[in-house]
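Here are a few notes to read alongside the model.

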Amino acid sequence: MLAPLDYFKSLFPYPSIHPGQLKIAKVILNSKKYVIIEAGTGSGKTIAALCSMLARKSVSEKILIFTHTINQIDPYIHEWRKLVDHLNRQSAPNNKSPKRRSPVIIPLLGKKIICNCRVGHKSKKIGKSKLRKILKEFNFALFNTTTDIITFFSQFASHRKCVYDLIIQFLPHSDIIITTMGYFNHHELLLNRLKINPRDLLVIIDEAHNLHKISTLKISLDDVIFCLNHIGNHPFLTELYTLMLETRGELSDQVIENVEKWRTNYLQTLAEIQKGDIADVITDNKLFLDDRYVKLKDFAQTKLGSSVNYIMGSELVCVGLLPSQKLAIFEAATKIILQSGTILDPSNFKKLIGISTDSQSLIIPSVYENNIFKGVFLNFTTSHENRTRSSFRQVTIFITQLVRLNPRHILLMCPSYKYIELLYPYLKQKLKLPLLQETAASSAKMMISNVLKMKSQVVILGNQRGKILEGNEWVLNEHSLISSVVLVGLSYPAQSTEEKLVRRILRNELGSNFLAQYYSLHFPILSRVLQSWGRAVRSKKDKGALIILENRSLEFLTRHINTRTYANFSNLCQDVKHFFEGYPSLDTVLRM
């Protein structure tokens with residue numbers, strides 16, 4: 001029987017193992033329960049972590065992987081294909097290597113995303129032998145597809161009644177389950193469907209820096225009144241109505257209990273309505289699409305006892321799971337890997353997620369540091385009082401100059417969708433090349449597809465808080481199509497009532513105003529900056545420029561990022577021009 005490290009090496013599907021990947025394997029295969037890994041784009045952390053977990057996995061254990069977004073599932077599926085292909089070649093008759101079964105992987109997405117069957121439809125339970133046959137077909141199709149995961153599901157679902165119910169039946173028979181962090185809020189349901197003892201879980205949390213995010217869910221008195229008028233006087237709604245009229249501040253356990261006891265019954269009532277069992281109650285099918293109905297349904301699906309709840313004015317605000325609560329869900333798991341390119345400070349991160357013992361940290365330096373130009377222009381800001389016609393004209397002049405210097409597409413990341421709308425007409429008027437604009441209705445898949453279709457240079461306008469900054473690749477023939485990422489200002493969190501509430505809760509949780517400020521304000525900004533250059537540099541063949549047009553948070557940024565600062569934009573342009581000398585153009589990449 002092979003030792004775990006030797007087993008890892010035999011599973012590894014690439015010709016060579018980088019020193020950083022070997023370090024990742026060794027730290028995962030050790031006895032520590034929690035492992036924090038900071039390794040940037042191109043470090044090979046995905047395949048290293050996957051092979052390491054498989055090397056230590058017993059027959060009864062399952063690997064459970066969480067990504068931040070659906071798009072980030074695709075790189076894991078890609079590496080799984082490499083692994084399966086490698087194992088298949090080892091199993092060839094003329095190969096004397098030990099024969100190993102390929103691991104079964106199941107991507108778990110929401111029902112609305114992968115299934116087109118009618119609301120309330122339930123598939124019949126399938127017998128074990130037939131289920132294993134369909135599962136084998138599913139993994140074979142997943143192995144051979146060249147599409148993204150959502151497109152794959154739409155194709156696989158085309159001749160089946162309910163793919164989601166089928167996936168749920170697959171889960172207990174899988175080796176690897178990959179899903180998104182959204183399932184943290186439905187962890188009890190997930191663990192129940194896996195039919196597994198939590199001690200038999202090996203957990204990987206990818207892009208783990210996103211654990212710092214604390215979601216809020218808000219409903220208003222008007223939302224409750226709307227549902228009372230359309231659903232009827234259900235006790236769940238009447239309790240909420242009375243509560244929101246008579247209570248202020250944080251809700252007591254007794255108040256939560258009074259609402260909570262009717263929550264499940266309310267969801268059952270909604271399910272019956274949607275199935276049509278009591279269709280006479282509903283005269284307008286548009287109800288199901290109304291924002292007020294949807295908000296109340298989402299609220300009812302949130303267990304109040306697991307969050308902090310406040311009545312503020314005529315609104316009820318539910319603060320979601322804190323970072324430490326998210327990790328505590330899988331406290332019984334045998335191994336938990338938290339990996340990201342932007343952990344930044346492992347000691348503070350451990351405080352944030354509630355780890356004090358039985359942990360080990362590993363930082364793998366970026367292998368592409370020399371491939372990146374990083375510059376900050378000091379004489380500009382996008383603060384609200386400076387969003388004038390003059391400032392939009394100034395940005396347009398900057399981008400016009402940078403276009404001439406860039407050999408490939410430019411990704412222009414703005415603070416908000418509103419800022420994009422205001423800037424777009426100025427760029428449209430002055431630039432002599434196409435503009436691709438991200439909107440609130442855009443999907444990451446659509447944006448990527450549109451860029452890949454372009455045969456000449458374009459400027460892509462994106463939102464720093466939108467869908468394209470993290471986990472997306474614009475790559476053709478193993479070359480990045482993006483040569484520069486320009487951050488027009490930095491997207492600071494809004495100083496809303498909910499943000500202040502979250503910061504206060506975080507301060508109480510961490511016992512430190514500094515850490516609460518760091519993780520609610522500075523850390524999100526810095527992680528976006530670090531994520532952004534990964535859109536331009538995807539391999540050793542790539543070079544990319546990261547240009548920040550903002551003078552706020554300069555001290556904080558330069559403390560964490562080795563960057564040049566410029567008071568004169570012409571000097572910045574001169575250095576960018578020099579940096580890209582001899583770098584292959586977009587035309588060259590397209591002709592490869």
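1. A quick definition before we start: two strands are said to pair if DSSP finds at least two bridges between them. With that in hand, look at S13 and strand S15 (residues 459–463), which pair in the parallel sense over five bridges. Within this pairing, Ile410 has Val459 of S15 as its bridge partner. Please keep in mind throughout that this is a predicted model.

2. What lies on the other flank of S13? Strand S18 (residues 482–488) is joined to S13 by five bridges, and the two run parallel.

3. Is strand S13 (residues 409–414) buried or exposed? Six of its six residues are buried, so the strand is largely enclosed by the rest of the structure. In a regular strand the side chains alternate between the two faces of the sheet. Here both faces are covered, with His409, Leu411 and Met413 buried on one side and Ile410, Leu412 and Cys414 buried on the other.

4. Now step back to the whole sheet. Seven strands make up an open, parallel sheet, and their order is S14-S15-S13-S18-S19-S12-S20. At the edges stand S14 and strand S20 (564–566); each has a single partner strand, so one side of each is left without a neighbour in the sheet. Ignoring direction, neighbouring strands of this sheet are turned by 20° against each other on average.

5. A helix belongs in this picture too. Helix H23 (residues 569–579) lies across strand S12 (372–377), strand S19 (544–549) and S20. Its direction is at about 175° to that of S12.

6. Leu431 is worth a look while you are in this region. You will find Leu431 in the loop between helix H18 (417–430) and strand S14 (435–437). Although it sits in a loop, Leu431 is buried, with a relative accessible area of 10%. Leaving aside residues up to four places away in sequence, Leu431 touches Ile399, Thr400, Val403 and Val459. Val459 is also the bridge partner of Ile410 in S15.

7. S6 is joined by five bridges to strand S9 (residues 315–319), running antiparallel, and Leu217 stands opposite Cys318 in S9.

8. Next, the interior. In soluble globular proteins, nonpolar side chains tend to be buried together. The largest nonpolar core here has 137 residues, of which Phe66, Ile205, Phe330, Leu338 and Phe349 touch the most other members. Helix H21 (residues 513–533) supplies the largest share of this core, ten residues. Apart from this core lies another, of 34 residues, among them Phe380, Cys414, Leu435 and Phe569. You have already met Cys414 as one of the buried residues of S13.

9. Which residues does Ile205 touch? Not counting residues up to four places away in sequence, its contacts include Phe66, Met181, Phe184, Leu211 and Leu327. Ile336, Ile337, Leu338 and Gln339 are contacts of Ile205 as well.

10. Finally, some overall values. The protein chain has 24 helices and 20 strands. Its radius of gyration is 25 Å, close to the 25 Å that the globule rule gives for 592 residues, so the chain is as compact as a globular protein of that length. Of the 592 residues, 53% count as buried. Among contacts between residues at least 6 apart in sequence, 81% join residues at least 24 apart. The accessible surface comes to about 27,100 Å², and 51% of it belongs to carbon and sulfur atoms.

Key
Residues numbered from 1 in each chain as written. Predicted model: local features only at pLDDT ≥ 70, side-chain atom pairs only at ≥ 80, totals over all residues. Heavy atoms only, no water. Helix = DSSP H or I, 4+ residues; strand = E, 2+ residues; numbered from the N terminus. Core = buried A, V, L, I, M, F, W, Y, C linked by side-chain atoms within 4.5 Å. Buried < 20%, exposed > 50% of the residue type's maximum accessible area, 1.4 Å probe, protein only. Contact = heavy atoms within 4.5 Å. Rg over C-alpha atoms; globule rule 2.2 N^0.38 Å. Areas by Shrake-Rupley, 256 points an atom, 1.4 Å probe, with all protein chains shown as cover. Axes fitted to C-alpha atoms, helices over the stretch in contact; angles between N-to-C directions.
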